[in-house]
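Work through each task yourself, then read the solution.

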Amino acid sequence: VPGYLRDTYAWAYLSEFGTRFFFDRQSIVNAILWGNASRLCQWACKEITAGSHVLQPAAVYGHFSRILAQTVGPTGRLDICDIAPA
């Protein structure tokens with residue numbers, strides 16, 4: 001884990017508090033994104049078709065990964081990679 005992540009964002013991305021109890025709630029994600037979580041997710045999914053192979057280069061909170069997986073569908077592939085061990 002890079003030093004900047006460990007030193008600055010450990011409470012959000014590396015702690016059980018941040019990953020399990022706080023940022024895993026869609027309402028929190030939506031608040032951080034100023035009410036635009038659904039809109040941003042829709043914009044991203046417009047660029048993807050069923051059957052696509054997609055790399056998501058960071059695990060994100062909320063419902064984005066689940067919706068992205070539904071968008072690629074059963075014939076597509078979604079790979080999610082993240083440097084944070086959580």
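**Exercise 1.** Leaving aside its neighbours within four places in sequence, which residues is Ser65 in contact with?

*Solution.* Before we start, note that this is a predicted model, where local features need pLDDT of at least 70 and side-chain atom pairs count only at pLDDT 80 or more, while totals for chains, interfaces and linings use all residues. Residues are numbered from 1 along each chain as its sequence is written, and side-chain values use heavy atoms, with hydrogens and water left out.

Step 1: list its contacts (heavy atoms within 4.5 Å): Gln56, Val60, Leu78 and Ile80.

Step 2: look at Gln56 again, because its side chain makes a polar contact of 3.0 Å with the side chain of Ser65, that is, a pair of N or O atoms within 3.5 Å, where one must be able to donate a hydrogen and the other to accept it, and residues adjacent in sequence count only if both atoms are side-chain atoms.

**Exercise 2.** Is Ser65 buried or exposed?

*Solution.* Step 1: recall the cut-offs: buried is under 20% relative accessible area, exposed over 50%, and partly exposed in between (1.4 Å probe, protein chains only).

Step 1: Ser65 has 18%, so Ser65 is buried.

**Exercise 3.** Where is Trp34, and what is its phi?

*Solution.* Step 1: Trp34 sits in the loop between helix H3 (26-32) and helix H4 (37-46).

Step 1: its phi is positive, about 55°, although Trp34 is not a glycine. Most residues other than glycine have a negative phi.

Step 2: with a relative accessible area of 77%, Trp34 is exposed.

Definitions and conventions:
Helix = DSSP H or I, 4+ residues; strand = E, 2+ residues; numbered from the N terminus.
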